[in-house]
Amino acid sequence: MGSLFTSLIMLIWYLLISGVLGWLVTQVVCSEHKRIYRLMDAFSQACTWPVIVLAPLLIMLGFRLFATDLTFPSSLTHSHLAQGLFLLIPASILVISSGFLSYVFQQASMDHRYWLDFDFVKFGRAIGKSTWRQLGPIVFIKSLLTSWSMSLPWVFGELIVIESICNIPGVGYSLWMATRQRNLEEGFYLLALLLLIYSLFAVITIWGQRWLGEKLAGY
Amino acid sequence: MRGTNHTIRAALSICLLLGGLYSLPQWDLSINLKAAHTSPSWHFPLGTDSLGRSYLALIFAAIGETVPILWLTSSLALLGGWSLGILLSCLDRMPETLRWIIKVMCSSLKGIPFFLMIFAIILLSGQVGIYSVLWGLGIIFLLQGCSQIFLLGEQAKNLLFWQAHRSLGGSTLQRLWKYGVTSGWRHQLWKQWCISLQMAIIAETALSYLGLGVQEPYISLGLVLSEQMGSYLGGHILVALSGVLFCLLLLAQVPRWTIILLEKAD
């Protein structure tokens with residue numbers, strides 16, 4: 001796999017995992033169970049560890065407890081599918097270290113509180129409709145987009161570190177190698193490439209937020 | 001009475017902890033090849049490295065040597081940035097076009113990932129070591145501090161009480177200090193300071209781990225962690241690793257917890 005392709009697959013995994021997590025968090029928030037809510041609050045605040053802490057710990061634990069090497073399977077015997085699937089673990093580390101969980105929980109709580117005051121929600125609750133069915137999709141999409149835009153700078157920064165620690169041959173790993181070899185030309189090319197991908201993702205999330213804002217303005 | 005009891009208990013716990021730590025026999029960092037790769041024991045609670053130095057002593061030395069310099073540099077750079085931001089905001093006669101350009105630059109700067117900036121600075125400087133890391137952190141925090149104050153000033157400019165103060169003859173500096181730095185923006189600036197401290201530790205450790213930060217013979221948490229990972233196939237490495245990670249986590253997370261407390265207070 002090419003370095004750009006590898007990094008992009010990891011970012012796509014990141015988006016998928018964060019999407020699933022966002023969905024679960026929104027369900028917890030909309031369910032209005034106070035104990036689960038408090039537990040989730042504490043968990044999301046406590047579980048934002050930097051990659052430099054989390055990645056070596058997982059590699060060590062993986063090797064010690066499960067006899068599994070979590071560094072990148074770059075040998076020729078591994079198929080592209082196996083390599084793509086392996087990127088799921090570093091992408092999960094990125095989700096935790098970018099603070100996504102904390103952002104999405106805060107944002108979902110804020111949006112949930114905001115939308116509860118609307119008449120259509122009050123009316124729906126009065127006739128027995130669940131809050132999740134009424135607010136779930138709105139709160140989910142809005143909080144997901146906002147959380148992505150907040151965590152993307154961290155993701156793109158930590159991408160270099162995680163790729164270097166786990167030997168993942170992506171753009172971040174190549175940038176690390178270029179910096180070590182003092183290869184200015186390649187280094188700045190890779191930096192520009194990373195910045196370009198980041199800008200693309202950032203523009204998409206901003207555009208998504210605007211589009212959603214316009215849609216929700218009618219309520 | 002209950003408050004006094006808690007204070008006495010806390011003081012006793014701290015004394016016991018410090019006493020316990022200082023009663024540990026091995027604190028010197030001298031090379032002792034006979035004790036190389038020793039398993040954890042009372043003498044070496046986290047074992048020893050390839051040169052026979054106690055890992056616990058190495059971790060404490062790393063915290064004592066690197067962290068104060070990092071936090072001092074970050075704080076000074078941020079203070080410099082805030083001062084520069086106040087100075088820029090006070091320039092009332094600045095042309096609107098120039099003001100707009102600075103505003104756009106400040107907004108863009110806030111969005112650029114931190115690690116990309118620090119890699120760019122290391123690439124430009126062409127050197128690795130603690131000084132390049134400190135320079136990188138200093139430049140980034142200076143720019144971030146400056147843009148934070150400038151953008152806050154631009155936002156607050158249209159507030160009614162700011163305009164009222166202006167029409168009564170008050171100076172921009174007075175407004176920035178009285179309504180901004182010491183009141184309205186206080187929590188945001190504290191938060192930025194805490195994030196800077198956290199980022200300084202994370203960046204230094206990550207860069208040292210990757211061989212771009214602190215180099216031997218200086219000691220850093222990243223270097224200790226890197227050595228652990230290099231030999232993770234043998235010995236009681238998990239114990240040593242947990243020690244390094246615990247310290248790193250604590251140092252990186254304490255500023256974060258301060259931010260959470262500040263947000264709760266808000």
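First, the ground rules. This is a predicted model, where local features need pLDDT of at least 70 and side-chain atom pairs count only at pLDDT 80 or more, while totals for chains, interfaces and linings use all residues. Residues are numbered from 1 along each chain as its sequence is written, chains are lettered from A and ligands numbered from 1 in the order in which they are written, and side-chain values use heavy atoms, with hydrogens and water left out.

I start with chain A. Chain A has ten helices and zero strands; helices (H or I, at least four residues) and strands (E, at least two) are DSSP runs, numbered from the N terminus. Read along the sequence, the pattern is α-α-α-α-α-α-α-α-α-α. The C-alpha trace of chain A spans about 65 × 40 × 30 Å along its principal axes. Of the 219 residues in chain A, 50% are buried; buried means under 20% relative accessible area, exposed over 50%, and partly exposed in between, with a 1.4 Å probe and protein chains only. Among contacts in chain A with a separation of 6 or more, 77% are between residues 24 or more positions apart, and contact means heavy atoms within 4.5 Å.

One residue as an example: Leu8(A) lies in helix 1 (residues 3-31) of chain A. Leu8(A) has a relative accessible area of 30%, so it is partly exposed. Not counting residues up to four places away in sequence, Leu8(A) touches Ile197(A) and Phe201(A). From Leu8(A) to Ala126(A) it is 118 residues in sequence and 46 Å in space, C-alpha to C-alpha.

Now the helix pair. Two packed helices are described by the angle between their axes and the distance between the axes. In chain B, the axes of helix 5 (residues 130-156) and helix 8 (residues 186-209) come within 11 Å and cross at roughly 160 degrees. That makes helix 5 of chain B roughly antiparallel to helix 8 of chain B; angles under 35 degrees count as roughly parallel, over 145 as roughly antiparallel, 65 to 115 as roughly perpendicular and the rest as oblique. The axes are lines fitted to C-alpha atoms, for helices over the stretch in contact, and angles run from 0 to 180 degrees between N-to-C directions. Residues of helix 5 of chain B in this contact include Val133(B), Phe141(B) and Leu152(B), and those of helix 8 of chain B include Leu189(B), Met199(B) and Leu207(B).

Last, the aromatic pairs. Over all chains the count is 17; rings of Phe, Tyr and Trp (its six-membered ring) pair if their centres lie within 6.5 Å, and planes under 30 degrees apart count as stacked, over 60 as edge-to-face and the rest as tilted. The rings of Tyr37(A) and Phe105(A) are tilted, with centres 5.1 Å apart and planes at 45 degrees. Tyr37(A) sits in helix 2 (residues 34-46) of chain A and Phe105(A) in helix 6 (residues 100-116) of chain A, 68 residues apart. Tyr37(A) is partly exposed at 26% relative accessibility, whereas Phe105(A) is buried at 2%.

In chain B, Phe114(B) and Phe141(B) are stacked, at 5.8 Å centre to centre and 25 degrees between the planes. Phe114(B) lies in helix 4 (residues 114-125) of chain B and Phe141(B) in helix 5 of chain B, so the pair ties together parts 27 residues apart in sequence. Phe114(B) is buried at 9% relative accessibility, and Phe141(B) is buried at 1%.
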